[in-house]
Amino acid sequence: HYFAKNETLMAIGNGYMGIRGSHQEDYLEQTRGHFIAGIYNNAGRNEVSELVNCPNVVGWQIQLGTEKFDLLVGEIKAYERYLDMESGELVRNITWESPTGLSYDLEFRRFCSLDNIHLIGESVTIIAHQQTTIVCTTGIDGQQTNTGVHHFFEEEKRVFEEKYMQASYATTESEVEVIVSTVVTASNNQSVFFSNRRQLLVEKTNALAPFTPYTFEKITLLY
């Protein structure tokens, strides 16, 4: 109930699309939701027409040293999460101590643009309290469902210029096409692109010096 309540209270949107306030990292009780106004579909026999849960672009897997970032393990030293009503940003600040006693500061930011209603902006800033290597994985995740019901066929996935990721999907009955394009930027990193079933992802690796902020920025367009 805690996850569901806060995902609703921390949802962001701009009139064209809305995103539930789920965390970047995955949790079993968490429900991701990304909806575009007017895209409905009937998945098949004995199903009802419903607003379609679109591919997820706000999920991140973060590895800090040899440990996966997960608030259910280790110790939370400081925590703040709020919806900035002036900028429209969903912000989360955390100081986390891993199970092996290593400490990190993390800041997450997310917004849906009003200037360009197709655009989602995100940033992840990490400060390690010790020398370490971080690996962040994110991209386009078309495995999302409406409580188990798939509404999309996967059409095509591509990477352009070893930088830009794009995937296209079409609803199974109403035949609405959704095209998702995204790019993740960060300085001095190694990038590896890979594809899973209904997913197109990039893995970015970087060595961090102690107490030196390092920021990933992700810009996504949905049409």
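With which residue does E89 form a salt bridge? In this predicted model, local features need pLDDT of at least 70 and side-chain atom pairs count only at pLDDT 80 or more, while totals for chains, interfaces and linings use all residues. Residues are numbered from 1 along each chain as its sequence is written, and side-chain values use heavy atoms, with hydrogens and water left out.

The partner of E89 is R109, with the closest N and O atoms 2.9 Å apart. A salt bridge is defined here as a side-chain nitrogen of Lys or Arg within 4 Å of a carboxyl oxygen of Asp or Glu. E89 is located in the loop between β8 (75–83) and β9 (90–97), and R109 in strand β10 (residues 103–112), so the pair ties together parts that are 20 residues apart in sequence. Strands (E, at least two residues) are DSSP runs, numbered from the N terminus. E89 is buried, at a relative accessible area of 18%, whereas R109 is partly exposed, at 23%. Buried denotes under 20% relative accessible area, exposed over 50%, and partly exposed the range in between (1.4 Å probe, protein chains only).

R109 also meets the side chain of E107 in a salt bridge, at 3.5 Å from N to O. E107 is partly exposed, with a relative accessible area of 23%.

Nine salt bridges are present in the structure. Among them is the pair R158 and E156, with an N to O distance of 3.7 Å. R158 is partly exposed at 37% relative accessible area, and E156 is partly exposed at 41%.

How values were computed. Helices (H or I, at least four residues) and strands (E, at least two) are DSSP runs, numbered from the N terminus.
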